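Please read them with the model open.

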Amino acid sequence: MIPDRKEVWERLAEPWDLVIVGGGITGAGLLHEAARLGFRAVLLEQRDFAWGTSSRSGKMVHGGLRYLRQGQVRTTWLSVRERERLLRALPGLIRPLGFLWPLYAGDPIGRPAAAFGLWIYDAFAGRRAHRHLKPDALRVYVPHLNPEGLRGGYRYLDAVTDDARLVLREIGAAVGRGALALNYARVEGVRQTRTGAVEGVLVRDVLTGREAEVRARAVVNATGAWADRLRGQLGRPPRLRLLRGSHLVLPGWRLPLAQGVILLHPQDHRPLYVLPWEGMVLVGTTDVDHAEDLDAEPRIHPEEFAYLLTALRRAFPDLDLSERDVVATFAGVRAVVGTGRQPPSREPRDHVVWDEGILTVTGGKLTTFRAMARDALRALRRRLPAPAHPPAPEEPEPVPEPPADLDPAVAVRLVGRYGPGILSRWADIPPEDRERIPGTEILWAEVRWAARLEGVVHLDDLLLRRTRLGLCLPEGGLPFLRRHRARLQAMLGWEDTRWAQEVARYRRIWETSYQPPR
């Protein structure tokens, strides 16, 4: 549950141990870790929670086999270890998924190299999870896979998640431990003492223009792609390279998959993935320099769209996939420490922590967000008081027995996204809200919870981040909005004028940044 905006604004004047700027997974994970240790922490986000890269990632919680191939062994080791921790800590939200890696004649990676890489991958995890498959066995898993030149392949394990829900779960857990989080709150400036020490920030409410000073022992820059902008307020030179990763979304029935599939693009042999997610299929990702306005919604470019579609058609030729089959696209911008390597996909994915008055933590991967939080807090040790609570092992919260009238699989899904406390609300949910929205795995109850309890300000907050209706429904869910206007309007508490404004705003966002290029 996200606290009421007015309540948060009233509390900003209190003294804080930590101000975290940035409401993506890095900031959310740090907020949770700080609260878990008993620090007084507040998070400020200039747009919506997870508005940036953390709602537009490839949804994979993985070690990154391609990083191992590039010699980024430590990154892979850390990612695999963190994947295993997250699988234990957040069942239902972090889900194991088998991946198939077909090997073809002419591939730059042969069977011995693939086997060696997967052996290392499993060794990092502490368990054997891969096995070799002959061509016929591989096509049992994926019947539509291109048989031409297929020499077999491997099956191994990784995991997937809903990245935006992961951010909200971390924020909700932190708020439950006394932290504060505020979206649509832009940090306009850094407050320094006469000696130059940072002692807080000036924040402005994007919705009302209200301003406040927030004072704290330490300020953390967890703004991801925007990190150089905040660093620049202290006169620090840019150090980051911004890379765009774009994705396609197809209906699950059009490309039936129970496993993820790793592909090598026929043009440049870059690894891509195709995976089942939320009843849909995701295809990704590109990795190109992003030089556009960071404050604008990122979008896929036509050449990226064609690049991904080319790989898809080559991998599944008998499905005759075309532009018409793509129901949505999305693009995210990730920050890496710029070294100038070419192609951009060869840039290192290690995270960094820079103490320059403001502590900047950036880079890294979705999978390693908790390791990034731990490293940031270690770097702040001298500025913060002794932890109010000794660090304890991160154990999954006990999940209560689901109600008799709730499908156990649905219960696992709900607990993963909203925490164990959500099951106590089930008895109060009316029968009509227990139904799934047709064509999706999303319950009407989830829409109601998000609208009332999760700090929704705009319609895109609800459709693109709290739920994924905007990615899973045809035309971004616009026909759905027309059909269910009265029900949705009542949930959100918006009068007719506000509703019309929000629908128009959402349409512009969808058509600009999520609609497939035609």
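1. Buried here means under 20% relative accessible area. Helices are DSSP runs of H or I, at least four residues long, numbered from the N terminus. Keep in mind throughout that this is a predicted model.

2. Start with helix 11, residues 408–418. How many of its eleven residues are buried? Eight are, and the helix is mostly covered. The buried residues are Val410, Ala411, Arg413, Leu414, Val415, Gly416, Arg417 and Tyr418. Helix 7 (163–176) and helix 12 (444–453) are among the parts that cover them.

3. Now the two ends of helix 11. Asp407 caps the N-terminal end. A side-chain oxygen of Asp407 lies 2.8 Å from the backbone nitrogen of Ala409. Gly419 follows the helix, and its phi is positive, near 95°.

4. Next, the nonpolar cores. The largest holds 55 residues. Trp101, Leu275, Leu459 and Leu481 touch the most other members. Helix 5 (residues 111–125) gives the largest share of this core, six residues. Apart from it lies another core, of 45 residues, including Ile2, Ala50, Ile94 and Leu359.

5. On charge pairing, the structure holds 47 salt bridges. Side chains of opposite charge can pair when their charged atoms come close. Glu82 is buried, at 2% relative accessibility, whereas Arg85 is partly exposed, at 38%.

6. Arg215 and Glu213 also meet in a salt bridge, at 3.0 Å, N to O. Arg215 is partly exposed at 42% relative accessibility. Glu213 is partly exposed too, with a relative accessible area of 34%.

7. What does the salt bridge between Arg229 and Asp295 tie together? The side chains meet at 3.2 Å, N to O. Arg229 lies in helix 8 (residues 227–232), and Asp295 in the loop between strand 15 (288–289) and helix 9 (302–315), so the pair ties together parts that are 66 residues apart in sequence. Arg229 is partly exposed at 42% relative accessibility, and Asp295 is partly exposed at 33%.

8. Last, a network. Salt bridges that share partners join Asp48, Asp460, Asp461, Arg465, Arg466 and Arg505.

Notes
Residues numbered from 1 in each chain as written. Predicted model: local features only at pLDDT ≥ 70, side-chain atom pairs only at ≥ 80, totals over all residues. Heavy atoms only, no water. Core = buried A, V, L, I, M, F, W, Y, C linked by side-chain atoms within 4.5 Å. Buried < 20%, exposed > 50% of the residue type's maximum accessible area, 1.4 Å probe, protein only. Contact = heavy atoms within 4.5 Å. Polar contact = N/O pair within 3.5 Å; in protein donor to acceptor, adjacent residues only side chain to side chain. Salt bridge = Lys/Arg side-chain N within 4 Å of Asp/Glu carboxyl O.
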